[in-house]
Amino acid sequence: MDTLKLSPPSSPARTGVWVGIATITLSFAAYTSAMVVRQGSGADWQHVALPRILYFNTLLLLASSATLEAGRRRLEVDWALEALEGRAGAFSGPGVAWLSATMALGLLFIAGQVIAWRGLAARGLFLATNPASDFFYVFTALHGLHLLGGVTALGYVLARLRAASAGPPRAALGAASLYWHFMDVLWLYLLLVLATRL
Amino acid sequence: MPDTPAPPAVGLRETVEKIRVLKHVPPTGFLRTHVFSLDHKVIGKQYLDLALVAVLTGMVLSWLMRFHLAYPDVAIPGLGRLAPTRAAGGVMTPELYLSLMTMHGTIMVFFVLTTAPFAGFGNFVLPIQVGAEDMAFPRFNMMSFWVTLVAFLVLLAAFFVPDGPPLSGWTAYAPLSAIGKDAGPGQGGGQTLWALSIAIFCVGQLLGALNFIATTLDLRARGMTFMRMPYSTWAWFITAVIGLIAFSVLLPACILLILDRVAGTSFFIPAGLVVSDRLQPHSGGSPLLWQHLFWFFGHPEVYIAILPGFGIISHILPVFARKPLLGPKVAVACMAAIAFLSYTVWGHHMFLSGMNPLSATLFSVPTLIITIPATIMVLLWIGTVYGGRLRLTTACLFCLGFISVFVSGGISGFFLAQPSIDTYLHGTYFVVGHFHFVMGVAAMFGIFAGTYFWFPKMYGRMMNETLGKIHFTLTLIGVYATFMPMHYLGLAGNVRRYSAFTDDYMKGSLPLHRFITAAALFTGAVQLIFLVNLVWSRLRGAKAPDNPWQATSLEWSVPSPPPFDNFGGKHPVVAHGPDEYGRTGPEGDFVMQAAPTAGGTA
């Protein structure tokens, strides 16, 4: 029998995002454990009521995942049609609009988070006010920063779509989507932690 | 047989597109070729050059410390001018000593022992060994190096801030590292730069680890199954996984430390702390939290430094013993086991932190268990050499030296793993001797072995073997003379981190300290031979053939140095394991990994 075995199918972009997801998960696990330890180490922990707008922001983020999936499906259909019929113009269709909407929702989410910060600041709660507010700002800021990475990734996919010369950016879109959905999951986790522990 | 349907048009288009994208064309401009290169080979060399600059810096710092330890009252010429407030008249203050110690440790651990064996050799060799044209994400790879360089520069900047570099050690224990200026000279701007530098370093290494993992998983050539990967590739892959976890935790720790320092938070600073007669404006933080986060990174970091050495030794020894590695699957399993166990032992650095004796036992047991796979590795290397027709090249000598210093340093680890003995030894030179042998010198020997071995592939020229052998012999003598006596000092109760031993019960240790200093200066001077060899060989060395060592892995089947896309437009197909030595092949007593099989199937 032939000793030759095929290597697994190459998908570095997807592998890369999974590795990135592992990294981000681990670092937020570290922050969470720091929070648990910190909560138990001093008598200065003060309860912080979460700003209501966080729940609205959560809906925005969940909606962005839905628009992203809608856009991705639409683009897959367009690409298939284009390949079969030699039809051009998939790159200006509704798929692109869905992706743009996703980016807009992501940016709106971040704007909402900034409003939440301003709300806390108005209540006199700043980064160093008490340990609970420390963690609120650290969690939300780092999640927002990572989400901006997702917005950049979608921007890259859109640029590739417009350039259109290098063919359908399937791998890039797949990887960006995976990352974006992970940002949703991460936020739901953080919201749960903030709601139950702050 | 049914008719095969014609492949859909989309498949054809995609294939054509893929070929176009995959066509790996070398850049033409100077900047893209030599400076901001995307080529893993250039990036690997850049990492090695950075490590060389860093190791020379770190070594000079250690000489200053050693000189002061041996002759505490003698002025060091020029030092007074470099640090007028901290070394008036050329005699260093204890604070300056601690600053030098901090910078020595930080530079050596992060910018030498992490960059050279992992990022340096790994970058150059791994993609070729798996049969890829480059890393999976060349842009991230380039960023990884430049981010690391920025981290190095930020760290060096600590020398130039008014108070000088921090004095909290490479472990930066809180609250000393967290409260700022009040904690002493160097704890102002210097310590902030330290934390910033390490945070940036983490980002660089995470980008590197990402590349190593994706490249190994996705870009292996046809036929390059996991068990056909060379042990060095295995080691870099496993190290990347360790690094991914370790730096993912150190980065948050550094961010929290920076916030404590600049934003007034209290993650690591307890309430009611009075330092320099001032009540610190913090409350409720946990200094132990820093220790846990740091050592959760810090212990695996030891393996980030040493596992690539394991891989390099396992890869090189069979080449020069002309014999396959004993127990290839066991070797890979041992490295994986070490990686896993490295995450269960961090508490053994904290036996003195007042932990519950039960917790200490829980950390002590896996610490003893981790010696089992490490010992098995040593036995496999010895078994590989045993009965082989050893070719004693410099690279081979450094492999044997690696085994020697790793065993010497490892044995003292058995003592330190036990909380009751560690309580006595932890604060002494015993620990200094231990970790310099097992992590510092052993990893350096791995780096030397790798350099003498892969230099011909990197630069297309051979290194001088005579100079190499002199370098090896004198270095081996030098490191034993330097670090072995430290174990005796430690057993005698000689504490570490003191800048001088003149006025107290430790005065009797001074003669031995003078001997160690002489040995350290000697060992350092011997490295000039290596430097001369590096420079001379790069310019004038004998031209290297493609496969000077008659080795089997893929990097030896391409020209020295390899072309931009590594395989000259061809796609290698692998049909053999990495260890086909001692059999009859077309080119001698070995079979290359890419050689066709007898039936011509590959």
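**Contacts and architecture of chains A and B**

In the predicted model, 35 residues of chain A are in contact with 43 residues of chain B. On the side of chain A that touches chain B, the elements giving two or more residues are helix H1 (12-41), H2 and helix H4 (131-163) of chain A. Of these, H1(A) gives the most, with 15 residues. By class, the residues on this side of chain A divide into 18 nonpolar, twelve polar and five charged.

Chain A contains five helices and zero strands, and along the sequence its pattern reads α-α-α-α-α. Of the 198 residues in chain A, 34% are buried. Among the contacts in chain A with a separation of 6 or more, 80% are accounted for by residues 24 or more positions apart.

Helix H2 (residues 53-85) of chain A packs against helix H5 (residues 170-197) of chain A at an angle of about 160°, and the two axes are 10 Å apart. Because angles over 145 degrees count as roughly antiparallel, H2(A) is described as roughly antiparallel to H5(A). The crossing of the two helices, H2(A) and H5(A), is left-handed.

On the H2(A) side, the residues that meet H5(A) are A:Leu54, A:Thr58, A:Leu61, A:Leu62, A:Ser65, A:Leu68, A:Arg72 and A:Leu75. Their counterparts in H5(A) are A:Leu173, A:Ser177, A:Trp180, A:His181, A:Asp184, A:Trp187 and A:Leu191. Taken by class, the contact of H2(A) with H5(A) has nine nonpolar, four polar and two charged residues. Among the residues in this contact are A:Arg72 of H2(A) and A:Asp184 of H5(A), and Arg and Asp both count as charged.

Chain B has 18 helices and four strands. Its C-alpha trace spans about 90 × 55 × 50 Å along the principal axes. A compact globule with 602 residues would have a radius of gyration near 25 Å, and chain B has 25 Å, so the value for chain B agrees with that of such a globule. Buried residues make up 56% of the 602 residues in chain B. Where contacts in chain B join residues at least 6 apart in sequence, 80% of them join residues at least 24 apart.

How values were computed. Residues numbered from 1 in each chain as written. Chains lettered and ligands numbered in written order. Predicted model: local features only at pLDDT ≥ 70, side-chain atom pairs only at ≥ 80, totals over all residues. Axes fitted to C-alpha atoms, helices over the stretch in contact; angles between N-to-C directions. Parallel < 35°, antiparallel > 145°, perpendicular 65-115°, else oblique. Left-handed = near helix turned anticlockwise from the far one by under 90°. Contact = placed C-beta atoms within 7 Å. Rg over C-alpha atoms; globule rule 2.2 N^0.38 Å. Buried ≥ 20, exposed ≤ 12 C-beta atoms within 10 Å, placed from the backbone.
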